[in-house]
Amino acid sequence: GGILLYPIKSCGAMSVTAWPIGPTGLLFDREWALVDGQGQALRLNKMPQMRFIKPRVDLERQELVVTAPDMPDLVLSLRLVPASEQLRDVSVCGEACKGWGYQDAEGVDAWFSKFLKRSCSLVRACPYAQKRQPRRVAAAAVAVGGGGEVATEGMSEEKGKEREKEGREEISFTNEAQFLLV
């Protein structure tokens, strides 16, 4: 057992036994998405080769490392937030969102386009610009124990209610449930 998170929506999962929770759910879960020229998020059911793209967040090094067969590793700093002028409209499963595109000086879009054999861009979620229903997160860390039990710790319910009152709409590119506990 473990925790699965998907740093890039519809790409391969990253398995961990413990992971921090941020204001949008599991930290960096579905923080990025691949979009076509119209800003439509690419989906695994239409592009099954996306499952071979394996993103991994290295919290210690503060890096997103992306691997795929026959491709060099793509390494992005977690601190690298695309420029505000790169804010673009994105559609995730029919829902309008905002995402920051990367200036392709780093070759980010070219890397994904080459692997998927179609033009696409990597965008990072812009949670404060989202127009979706606010969701409350009531924990700051999740861990799965050896027996499969889930332990949570951290943010109090009062803190969650404060965020709700503030009207903060902090989400990533999650289209359904941010947590699925089985």
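The model is a predicted one, in which local features need pLDDT of at least 70 and side-chain atom pairs count only at pLDDT 80 or more, while totals for chains, interfaces and linings use all residues. Residues are numbered from 1 along each chain as its sequence is written, and side-chain values use heavy atoms, with hydrogens and water left out.

Setting aside neighbours within four places in sequence, Phe112 is in contact (heavy atoms within 4.5 Å) with Ile8, Leu34, Ile53, Val66, Leu74, Cys120 and Leu122. In soluble globular proteins, nonpolar side chains tend to be buried together. A nonpolar core is here a set of buried Ala, Val, Leu, Ile, Met, Phe, Trp, Tyr and Cys residues joined through side-chain atoms within 4.5 Å. The largest such core has 32 residues, of which Leu34, Ile53, Phe112, Leu116 and Leu122 touch the most other members. Two or more residues each come from S1, S2, strand S3 (18-22), strand S5 (32-35), S7, S8 and helix H1 (108-116), where helices (H or I, at least four residues) and strands (E, at least two) are DSSP runs numbered from the N terminus. H1 gives the largest share of this core, five residues. Another core, of seven residues, lies apart from it and includes Val35, Ala41, Val90 and Cys97.

How many aromatic pairs does a search of the whole structure find? There are two, counting rings of Phe, Tyr and Trp (its six-membered ring) whose centres lie within 6.5 Å, with planes under 30 degrees apart called stacked, over 60 edge-to-face and the rest tilted. Phe28 and Trp32 form a stacked pair, at 6.0 Å centre to centre and 20° between the planes, and both Phe28 and Trp32 are buried. Trp111 and Phe112 form an edge-to-face pair, at 4.9 Å centre to centre and 75° between the planes; Trp111 is buried as well, with a relative accessible area of 7%.

The cysteines form zero disulfides, a disulfide being a pair of cysteine sulfur atoms within 2.5 Å. The sulfur of Cys11 is 8.9 Å from the closest cysteine sulfur, in Cys120, and this is too far for a bond. Cys11 is buried at 4% relative accessibility, and Cys120 is buried with a relative accessible area of 3%.

Charged side chains meet in three salt bridges, each a side-chain nitrogen of Lys or Arg within 4 Å of a carboxyl oxygen of Asp or Glu. Glu31 and Arg124 are joined at 3.1 Å, N to O. Because Glu31 lies in the loop between strand S4 (25-26) and S5, and Arg124 in strand S11 (residues 121-125), this pair ties together parts that are 93 residues apart in sequence. Both Glu31 and Arg124 are buried. Arg30 and Asp29 meet at 2.8 Å, N to O, and these two residues are also buried. In the bridge between Lys98 and Asp89, the closest N and O atoms are 2.4 Å apart; here Lys98 is partly exposed at 26% relative accessibility, whereas Asp89 is exposed at 52%.

Terms used:
Buried means under 20% relative accessible area, exposed over 50%, partly exposed in between (1.4 Å probe, protein chains only).
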